[in-house]
Amino acid sequence: MIGIPLGLFTANAVEWVFHKHVLHNRGRNRESFWSFHWHDHHRNVRRNGFLDEDYRDAPLAWNAQTKEVAALVAGAAAVTPLLPVAPFFVGTLYYSAWNYYRVHKRSHLDPEWARQHLPWHYDHHMGPNPNANWCVTRPWFDHIMGTREPMENRQIA
């Protein structure tokens, strides 16, 4: 059962590292597969007050939403060999991947919900520093790594 808290901690660490180092560092290069995050998702969100219309589409087009799903599925597949020896850990990572997508999608379809329930993620996109607030589901690793920067004057309904 220790696999459950270890899985939650690991998933949040991976979320932080992946967002910071892959989606932002590599994603700034237009030639990178990961460029969808910076050049599509961030652009859409800044233009539309946190809303990203790509999440309204069925995941059939090759856009930021489906690339995100592909990355999450690949991550889940990568840990599957550990399933026989660490079923609770792997199960928690599967849950975390599903939860990440669910929460991220909802936040960008309902900005008011995001402001209230994921203020750290709202601050990442709408605040003055897009190089902070890397976590989406929970701000644990932002606090651990000192990268949580609450946005001043953020109105919460």
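This is a predicted model: local features need pLDDT of at least 70, side-chain atom pairs count only at pLDDT 80 or more; totals for chains, interfaces and linings use all residues.
Tutor: Residues are numbered from 1 along each chain as its sequence is written, and side-chain values use heavy atoms, with hydrogens and water left out.

Student: Why are H3 and H4 called roughly antiparallel to each other?

Tutor: Helix H3 (residues 64-79) and helix H4 (residues 87-109) pack at about 170°, with axes 9 Å apart. Angles over 145 degrees count as roughly antiparallel, and H3 and H4 are therefore roughly antiparallel.

Student: Which residues of H3 and H4 make the contact?

Tutor: Contact means heavy atoms within 4.5 Å. On the H3 side, Gln65, Glu68, Val69, Leu72, Ala76 and Val79 take part; among those of H4 are Val90, Leu93, Tyr94 and Ala97. By class, this contact has ten nonpolar, two polar and two charged residues.

Student: What makes H1 roughly perpendicular to H2?

Tutor: The axes of H1 and H2 come within 6 Å and cross at roughly 90°. Angles of 65 to 115 degrees count as roughly perpendicular, so H1 is roughly perpendicular to H2. His19, Leu23 and His24 in H1 meet Phe36, His37, Trp38 and His42 in H2. The classes in the contact of H1 with H2 are three nonpolar, four polar and no charged residues.

Student: What does Trp38 touch?

Tutor: Trp38 has its place in helix H2. Leaving out residues up to four places away in sequence, Trp38 touches Leu23, His24, Gly27, Arg28, Arg43 and Pro130. The C-alpha atoms of Trp38 and Met1 are separated by 37 Å.

Student: How much space lies in the largest pocket, and what lines the pocket?

Tutor: About 590 Å³ of space lies in the largest pocket. The lining has 31 residues, of which Ala11, Val14, Glu15, Leu72 and Ala97 lie nearest the centre. Helix H1 (3-26), helix H2 (35-47), H3 and H4 each supply at least two lining residues, and H1 gives the most, with nine. By class, the lining has 18 nonpolar, ten polar and three charged residues.

Student: Which residues does UniProt list for "transmembrane region"?

Tutor: The unreviewed UniProt entry lists residues 69-97 under that name. Over residues 69-97 the chain is 76% helix and 0% strand, and the end C-alpha atoms are 9 Å apart.

Key:
Axes are lines fitted to C-alpha atoms, for helices over the stretch in contact, and angles run from 0 to 180 degrees between N-to-C directions. Helices (H or I, at least four residues) and strands (E, at least two) are DSSP runs, numbered from the N terminus. Angles under 35 degrees count as roughly parallel, over 145 as roughly antiparallel, 65 to 115 as roughly perpendicular and the rest as oblique. Ala, Val, Leu, Ile, Met, Phe, Trp, Tyr, Cys and Pro count as nonpolar, Asp, Glu, Lys and Arg as charged, and the others, Gly among them, as polar. On a 1 Å grid over the protein atoms alone, a cavity is a set of points where a 1.4 Å probe fits but cannot get out, and a pocket is an open set with protein on both sides within 12 Å along at least five of seven lines; lining residues have an atom within 4 Å of a point. Grid points are joined across faces, edges and corners, and a volume is the space filled by probe spheres set on the points. UniProt positions are given in the numbering used here, feature names are shortened, and annotations may be inferred rather than shown by experiment.
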